[in-house]
Every structure is written in C-alpha cells, then in structure tokens.
Amino acid sequence: MNLRSPHLLGIEPLASEEITLILDTAESLAQISQREIKKVPTLRGRTVVNFFVEPSTRTRSSFEIAEKRLSADSLNFSPGASSLVKGETLADTARNLEAMAPDFIVIRHSEPGAPHMLARICRCSVINAGDGAHEHPTQALLDAYTIRQKKGRIAGLRVAIVGDILHSRVVRSNIFLLRKMGAEVVLSGPPTLIPQGIERLGVKVEGRIEAALEGVDVIMMLRVQLERQTRGYFPSLREYFRLYGLTAPRVRLARPDAIIMHPGPINRGVEIDSEVADGPWSVILEQVTNGVAVRMAVLYLLSGGAGGGAEEEIRNPEA
Ligand code: CP
C-alpha cells in the first residue's frame, strides 16, 4: 500500500489506513535518528525545495533534518531575498522553481490554499507545511505519532484541545485526524475564538476549561496567535491566563496519566504555566523529536517508497 495522492495537502483527504501507514513508516524510520551515522541513501539524487514564506522554527528545521537523514538535496528558499519582494507572484515563483526540476516543494504560506494552487501547477510533489488557518498536516501526524507512542492507541481516547481555535490550522488537522482514528475531541477557549458551527466536525465544545479537561487522556494546548488577532478577542493576556491558562491544578482534572502537548511556540504564562510546560506530564519536546521521523516518512512515501525496495536501504545504511 502507498499514499493515493502524490501530494500531502491536508489530513481531510487522507483515509485512516493512509494515516496508519505514515505512522507505521515513521516508527521504522525513527531508528535512523538513534544511530551514530544518522543517514540512509533512500532519497539520494532527489531535490527538495523548502519554500517557507512564513516564519517557522520546528517545521522548517525538522523537514531539513529529515531531508538530510534521507540524503536528499535541499534548497532553502528565503522569501526576503527572493523576487517575491519585487512583486513576483507566488504562482510565477513556483513555476520558476519547478523549472529547475525539484522532486518536492514543501510550502508554508499565510494564505489558505497556497499549497493546493502549487499542486495544480507543478509536476513535483507538494507538501503543505501550514497554510494560513487551514491545515498543518505534518503537525497533526507528529501529534498522532506522539499520542500513539505514549498511549499505545488513538481510538477511544479523549482529547481536549484548548485555546485559539479560530486561527489554528493545527486544530483543524488534528480534529480531522483524531476523529478519523476514533478519538473523542472536546474544544475549549474564549467564545470569540471558537468558530461557529465547529461541532459539525464531530467535536464537543465546552465554555469552561475545567469542564473540557475532566477525565481526558490528552491535553493539547494551542498558542494564542497574537500576530493574527485583528480585534480584541479577549480583554487582556492576564485575563486569558486566568480563564484558559493551563495550570497544575487544572491538569489534575484530567486522568492521572494524561499527557500535555503543544505544537509550539509556547507563550509561557499566557496559555500555559511554565511549571506545566516543563513538568512531568509534558511531551512537548518529544513532539519535536517525533516531527523528524514523521516528515521522513512523508517524504519517503511520497517518493514512492512503500514497496519500492527502499525498506532494505533503511535497514542497512551501507546499501
Ligand atoms: N508547530 C509549528 O508549526 O512550529 P513552527 O511554526 O516553529 O514551525
């Protein structure tokens, strides 16, 4: 089995079997990062353009590391030093990059649908690394990998997602993934930051964070996206923390073995207390570690990996 599409544009179009395939493949590839020589020749001769038009620390770095571990050649596109600043359109920039025959374009863009537009005009595989408030599929996949690693399963778990739901691409991808994989999802946040009708995606909404956290297996906190706040969605950051910040007493409302996740970057003292972010429940840095294996798996599978004979190369770095 392999992925049905040559692109990864979102979680919404994926079947649950495809999600499981990506997670299983990531599990095999994770061992490469434990070796002394963290490199296999699987994508030797393939070229990846990392086309990040919005800032990123985790996603961009882990795609770059994943590409290097698979021996791909990477080009890191810097929008500030490109002809985008001279008014070249995204489509023309993409056509020009495509003319140099890359195998993959990994794109992060502030406009929802930008990766889909590239997929229509480019012959290479396009991977969505976050498009506006639409989707962030590799984040949801690494979150799912981390949940499966910690809990042994996803089906049947109760997951609370708390914070700025309105502006979050992470929450949309996670809702699609968690519901497809059989988890129960409850959302909480200020009413102004909860999109109307979100329940249609099969989730429950609780106004009070305490009600949302009651008995859950997983707490996923979302960053307050201060840069996307176009009006006053809540009175102050202090008020936000008082009503929705994750503190140790609130964590104790969840199951005793609950894990705490956050896609990063975290706003300490706004959506999460440092005691919680750095405490024993937190798997935030493990999420970052797992991002490398998950992005390796996505690149590998989109390159035609499954059943293509590369499994042997992964097992044997000398192959
Ligand atoms: N989680 C995430 O997308 O982080 P970056 O913006 O740093 O890539």
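Two strands count as paired if DSSP finds at least two bridges between them. Strands here are DSSP runs of E with at least two residues, helices are runs of H or I with at least four, and both are numbered from the N terminus.

This is a predicted model, where local features need pLDDT of at least 70, side-chain atom pairs count only at pLDDT 80 or more, and totals for chains, interfaces and linings use all residues. Residues are numbered from 1 along each chain as its sequence is written, and side-chain values use heavy atoms, with hydrogens and water left out.

**View 1. Here's where β1 meets β2.** The two strands run parallel, with five bridges joining β1 (residues 47-52) to β2. Pick out Val-48 and you'll find its bridge partner in β2, Ser-74.

**View 2. Zooming out gives the open sheet of four strands.** Read across, the order is β2-β1-β3-β4, with parallel pairing. At the edges sit β2 (73-77) and β4 (125-131), each pairing on one side only. Neighbouring strands are turned by 15 degrees against each other on average, direction ignored; axes are lines fitted to C-alpha atoms, for helices over the stretch in contact, and angles run from 0 to 180 degrees between N-to-C directions.

**View 3. Now for Ser-173, a residue of helix α6 (residues 169-180).** Ser-173 counts as buried because its relative accessibility is 0%, and buried means under 20% relative accessible area with a 1.4 Å probe, protein chains only. Leaving aside residues up to four places away in sequence, Ser-173 touches Ile-11, Glu-135, His-136, Pro-137 and Ala-140, contact meaning heavy atoms within 4.5 Å.

Conventions:
Buried < 20%, exposed > 50% of the residue type's maximum accessible area, 1.4 Å probe, protein only.
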